[in-house]
Each structure stands twice: as C-alpha cells, then as structure tokens.
Amino acid sequence: MKLPKAIIFDMDGTLVDNIPYHRDAWLEFLQQHGIHLNSSQFHAQNHGTIDEMMQRFFPQIEDPHQLYELGQEKERTYREMYRPHIQEVNGLTAFLQAIKAKGLQSLLATMGDQPNIDFTLDSLEIRSYFSFTTGGHEVSKGKPDPEIFLLSMEKARLRPEECLVIEDSQGGILAAKRGGLQVVGISTSESKETLLSLGCDGVVGDFEELGRVMFG
C-alpha cells in the first residue's frame with residue numbers, strides 16, 4: 001500500500017467501539033422526552049449532525065438554543081454511560097505511534113462535538129497524536145455529506161489523493177467517497193463483507209491488522 005501523507009480517522013466506532021452506548025443513550029434520552037423508539041426505528045434516523053438529529057426528533061422546537069441544550073443533554077447521558085467502559089479499538093495507540101514515526105499526519109473528522117472529542121481523546125490519552133481535529137459542531141451538513149472531510153483536509157492543506165480515511169459506518173464511507181477519498185473500513189459496527197459492499201477500498205478488523213498491512 002502506498003503511504004498517504006495523512007490518515008483521517010472517524011471517532012465513534014473507529015477509535016472506540018462505542019456505537020451501542022450511543023444508541024442506548026439516545027433511546028434513554030428520547031424516552032425521557034416522550035419519544036419511544038426501538039433500536040431499528042432509531043437506526044433508520046441515526047445520521048447527520050447532532051443539530052440535524054435534534055431537528056428531526058423535535059420538529060416542533062424552533063429555538064436553536066433549546067435544540068442545542070437538548071443535544072448537550074443527550075451527549076452527557078452518553079458520556080456517563082460510556083465513561084466506565086471506554087477503551088481504544090485494539091492496536092490504536094501503537095498505530096498512531098507508527099504513523100508519527102513515519103512522518104505522517106493523523107487527523108480526526110467526526111460528527112461528535114467538542115465535549116465528546118475531548119472526552120475520547122483525553123480518556124485514551126491520544127490527543128497529542130492528532131495534528132487537527134474537526135467535529136460536527138464545525139459543519140452544517142453531517143455525513144454522508146463530505147463537508148467534514150473537506151474541512152479536515154482544508155485545515156491540513158491536503159488534497160484527497162494525499163489522504164486515507166478510516167471509517168466504520170455507511171454514512172462515513174459515503175461521505176469519504178463523495179469527497180474523493182480512499183477509505184479503509186474497520187469492522188466494529190458492520191461485517192467486512194458489508195463494508196466492502198459499501199465501497200471500502202479495503203477492510204480490517206482492528207488497528208493491529210491495519211498496521212501490518214500498511215507498515216509490514
């Protein structure tokens with residue numbers, strides 16, 4: 001594999017295998033506000049920025065500040081649930097160290113907002129490896145729109161052909177492909193077969209495997 005100048009990481013489901021905790025936090029939060037969904041019903045609506053999702057679930061609320069506060073309530077619920085369990089996907093820190101040793105950049109492009117970015121990077125003690133982080137609060141359109149990846153590359157002054165994206169979800173894979181980027185899928189949330197069918201250029205189980213593929 002030809003090495004890129006930068007690797008752009010998604011966060012949720014990629015750095016950490018936390019998607020079930022986000023789902024459970026959403027379901028608990030929505031239930032507290034009188035919205036009762038099962039996992040399948042929620043999954044069908046689980047895309048976009050936190051603001052977009054709040055507008056989807058609370059169309060009767062027009063006040064942006066009120067929607068923002070609802071979003072923060074949900075994210076606090078998630079962090080409280082996941083804090084005792086947070087751990088990196090196997091091999092992540094060693095992979096970040098290898099990237100740094102090779103002189104490559106690590107970038108973060110996530111629909112998570114700044115408190116969740118801080119929570120994840122600081123809990124795992126990996127903030128220092130990332131040249132730039134870009135969160136959902138910085139864009140107007142969530143994945144599968146490519147805006148988050150375009151902004152991440154703009155910060156690093158890089159072109160799509162100079163970057164490789166690591167993603168776990170359909171929306172993220174579509175966003176990366178629409179941005180002209182190569183994508184490696186990591187099979188935390190979906191099977192390897194599903195990730196390949198969604199358009200990934202390659203699929204790995206964890207970062208230990210990816211390190212062997214990229215660096216030998």
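Author: In helix α7 (residues 147–156), the buried residues are I148, F149, S152, M153 and A156. This is a predicted model, in which local features need pLDDT of at least 70 and side-chain atom pairs count only at pLDDT 80 or more, while totals for chains, interfaces and linings use all residues. Residues are numbered from 1 along each chain as its sequence is written, and side-chain values use heavy atoms, leaving out hydrogens and water.

Reader: Which elements do they pack against?

Author: The buried residues of α7 pack against β1 (6–9), β2 (105–109), β3 (130–134), β4 (163–167) and α8 (170–178), where contact means heavy atoms within 4.5 Å.

Reader: Now the aromatic pairs: why is the pair F95 and F215 called tilted?

Author: The structure holds 14 aromatic pairs. Rings of Phe, Tyr and Trp (its six-membered ring) pair if their centres lie within 6.5 Å; planes under 30 degrees apart count as stacked, over 60 as edge-to-face and the rest as tilted. The centres of F95 and F215 are 5.8 Å apart and their planes stand at 35°, so this pair is tilted.

Reader: How do you know whether F95 is buried or exposed?

Author: Buried means under 20% relative accessible area, exposed over 50%, and partly exposed in between (1.4 Å probe, protein chains only). F95 has 2% relative accessibility, so F95 counts as buried; F215, at 21%, counts as partly exposed.

Note on methods
Helices (H or I, at least four residues) and strands (E, at least two) are DSSP runs, numbered from the N terminus.
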